[in-house]
Amino acid sequence: MSAAAIRLAQEADLDNIMTLEHECFATDAWSRGNMHLELMAHHTTYAVIYEGERLIAYAGLSKVPGSDQSDIQTIAVAPAARGRGLGKALMLHLIAEARKQHANDMFLEVRADNPVAQALYLGLGFEHIDTRKNYYQPDGIDAWVMRLQFAKASVGREPIVLGIESSCDETGVGIVRGNTLLANVISSSMDEHARFGGVVPEIAARAHLEALQPTLREALRQANLSLQDIDAIAVTNGPGLGGALMVGIGAAKALAVSLNKPIYAVNHLVGHVGVDILERGKLETPTIALLVSGGHTSLLLVRDLLTDVELLGETIDDAAGEAFDKVARVLGLKYPGGPEIDRAAASGNPKAIRFPRGLTQPKDMQKHRYDFSFSGLKTAVARWVEVAEAKGEPFSVANVAASFREAVVDVLVTKAVNACVAHGVPRLLLGGGVVANARLREVAEQRCAEHGIELRIPAFNLCTDNGAMIATLGAQLIMAGRQPSSLNFGSESTLPVTTVQSL
Amino acid sequence: MSYTLAIDTSAGTSVSLHQGGKLIAEVEYLENMKHAERIGSSIAEVLKVAGVEANRVGAVVVGRGPAPFTGLRIGIAAGMMFAEGSGAKLFGVVSLDAIAKAALEGTAADGSSGQPLAALVSAETPLLVTADARRSEVYWALYSGLTSNGVAICIEGPGVIKPAALEAMLQERNIQVQRTSLPIAARQLTALFEAQLGDGSANTDVTALYLREADATVPRDLREAGKKVSG
């Protein structure tokens with residue numbers, strides 16, 4: 001049952017409501033007159049759910065203008081329609097309505113002998129604050145008085161989440177409201193690593209500390225929000241560079257404590273997958289996800305973003321982005337290697353040299369079907385250049401770059417498409433900074449089209465490491481009713497993708 | 001009266017809350033690790049013990065080191081962000097300066113009192129403060145005494161050096177020193193900060209004092225390095 005089937009009650013619903021009222025409350029049903037007044041009162045909101053012509057559930061909210069309180073007046077679900085989440089859907093609808101009318105709290109009474117209903121309300125964040133003796137007559141049953149404080153719960157509202165990312169060389173702060181992107185600011189220390197030809201962890205960590213405050217302020221400015229508007233903080237706690245992760249973690253924890261808001265420690269790689277929600281409003285599952293960056297080369301099967309992410313394979317040595325950087329050095333090109341090789345390869349022949357495709361032999365299929373290896377490829381390119389130079393033969397850098405790039409792209413896309421086919425998954429999502437590579441996108445588009453696979457490539461500033469993806473994953477956890485993390489988590493450099501949230 | 005939150009992660013994880021210079025609560029982990037794990041709960045704990053909301057904190061004081069890299073950053077990052085969230089003003093204190101003040105006044109990190117060294121120290125016989133810098137090195141600085149408000153006057157340093165080289169330098173220059181290597185605690189940052197307010201020398205600079213370059217060497221020939229890396 002989707003929330004869309006809920007509509008506001010009208011006077012014409014009265015007959016149907018009274019029929020269900022008597023069916024649900026045999027001994028203590030309201031009178032038709034009272035129900036009529038309830039439906040028509042200016043301070044009440046009644047919602048109904050129909051299945052075809054038949055009313056199967058209704059619920060009512062009372063919110064007197066000028067009062068901070070709201071009350072659930074009644075809620076009824078037809079016995080035949082129970083266990084389908086209709087009660088929860090109605091409650092969420094009325095909670096959202098009460099929020100809209102600026103209530104601070106919601107109260108309700110529930111029979112002490114109705115544990116199913118109690119569990120529903122507790123799950124929504126209600127607390128049992130009082131018991132009224134013999135409240136329900138003529139049965140003489142006690143009532144639990146329950147209260148939901150909206151300031152402490154995000155249920156019924158799209159939470160505004162601020163995400164902090166610091167797992168590698170990008171300091172990212174992103175802000176989302178539910179599934180909507182409000183800000184995404186990225187400060188990169190890439191230039192500082194250039195003279196070393198690769199990311200230096202200590203330099204990255206130092207840069208995070210310096211970038212933190214300006215990046216945060218810029219994100220708030222973009223979102224036109226103050227920190228007081230934030231409902232929760234999310235932060236990457238792995239996988240990534242330990243010293244770099246710790247800067248973000250220390251910052252996020254102090255921010256959460258200073259704002260008295262919950263904190264969610266989330267998985268960086270799962271964040272790369274979840275970011276698609278910001279562009280599509282939801283994540284289509286199942287999907288295969290290929291995440292390729294300077295630090296990762298991972299192939300995931302995602303059946304559910306929060307509960308079922310499986311690592312199919314990953315690199316057993318260098319990440320693909322690292323291979324680009326190292327081969328760029330061999331060819332005398334600048335750092336970062338990806339765009340440089342892309343540029344050099346533009347005029348080259350990708351078939352000029354047949355470089356090896358790592359882990360694609362039949363013998364590799366048993367153990368490394370979806371794993372990657374780029375170390376051998378990188379060495380092969382270096383040897384090839386060495387031999388050519390030793391012979392004093394002039395060679396085309398463009399051809400070497402194009403042939404190397406082709407080998408990397410071929411392996412990446414072949415394995416990803418194979419995973420889609422083998423698992424019967426008609427979707428492929430790309431993520432990570434290497435997605436900027438033009439040839440990767442081109443080949444992925446072509447091969448996916450051949451196999452009837454839908455290809456998703458989020459905008460580049462959502463593909464590269466960013467805070468918005470971390471905020472998004474935090475928001476998804478909150479909207480799914482997950483408890484916040486404690487303040488005690490640490491950095492996990494090798495956090496597995498199966499751990500979406502660290503508690 | 002507003003509160004001052006002090007954070008020092010140059011050695012262990014040390015957090016304290018003060019009101020008008022008076023210590024209200026503190027959390028102290030001496031162990032030189034797990035800063036990221038402990039920093040959040042330590043701040044939450046001092047607020048909770050004191051029954052104080054974050055927005056009543058008017059100043060955050062962080063220790064800038066000098067200190068080994070990883071832990072130091074976590075405390076500074078946390079202090080910065082706590083100030084952002086609570087609206088407090090952010091100040092930085094050189095951790096060695098805070099140790100110097102404590103030694104000169106005879107107050108140890110645990111609050112116990114020892115012999116105040118102030119009477120024995122002068123520009124000619126300065127106080128040498130050292131702290132473990134790992135890798136067989138120490139952080140050091142020299143102090144000539146206290147200002148009238150009690151701010152330690154640094155006349156040289158801070159620097160990082162091998163202990164033998166430090167001794168050789170002192171001998172060569174024929175400097176007699178009083179010595180201390182008291183452990184640092186957040187409460188000592190506040191003591192110094194309060195004195196600096198009196199002097200008008202409180203500083204909003206919170207830059208980390210690493211005193212060492214990042215561990216990285218530029219490959220002599222990037223092309224060669226690329227070829228030799230094979231795995």
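Analyst: Let's start with the contact itself: chain B brings 37 residues to it and chain A brings 40 residues, where two residues are in contact if their C-beta atoms, placed from the backbone, lie within 7 Å. This is a predicted model, in which local features need pLDDT of at least 70, side-chain atom pairs count only at pLDDT 80 or more, and totals for chains, interfaces and linings use all residues. Residues are numbered from 1 along each chain as its sequence is written, while chains are lettered from A and ligands numbered from 1 in the order in which they are written.

On the chain B side that touches chain A, the elements giving two or more residues are α1 (35-50), α2 (69-86) and α6 (222-228) of chain B. Helices here are DSSP runs (H or I, at least four residues), numbered from the N terminus. The largest share of that side, 13 residues, is from α2(B). By class, the side of chain B that touches chain A has 21 nonpolar, nine polar and seven charged residues; Ala, Val, Leu, Ile, Met, Phe, Trp, Tyr, Cys and Pro count as nonpolar, Asp, Glu, Lys and Arg as charged, and the others, Gly among them, as polar.

Now for the packing. The largest nonpolar core has 192 residues, and Ala251(A), Leu300(A) and Ile43(B) have the most contacts inside it. Such a core is a set of buried Ala, Val, Leu, Ile, Met, Phe, Trp, Tyr and Cys residues joined through C-beta atoms within 7 Å, and buried means that 20 or more other C-beta atoms, placed from the backbone, lie within 10 Å of a residue's own. Helix α14 (residues 397-422) of chain A gives the most to this core, 14 residues. Domain 2 (160-275 + 464-502) and domain 3 (287-457) of chain A both contribute residues, so this core lies between them; the domain bounds come from an automatic or database domain assignment.

Let's zoom in on Ile43(B). Leaving aside neighbours within four places in sequence, Ile43(B) is in contact with Ala254(A) and Val257(A) from chain A, and with Leu5(B), Val15(B), Ala78(B) and Phe82(B) from chain B.

Back in chain A, the C-alpha centres of domain 2 and domain 3 lie 27 Å apart. Each of these two domains of chain A gives 22 residues to their contact. On the domain 2 side, α8(A) gives the most, with five residues, and the classes there are 13 nonpolar, nine polar and no charged residues.

Definitions and conventions. A residue is buried if 20 or more other C-beta atoms lie within 10 Å of its own, exposed if 12 or fewer, and partly exposed in between; C-beta atoms are placed from the backbone.
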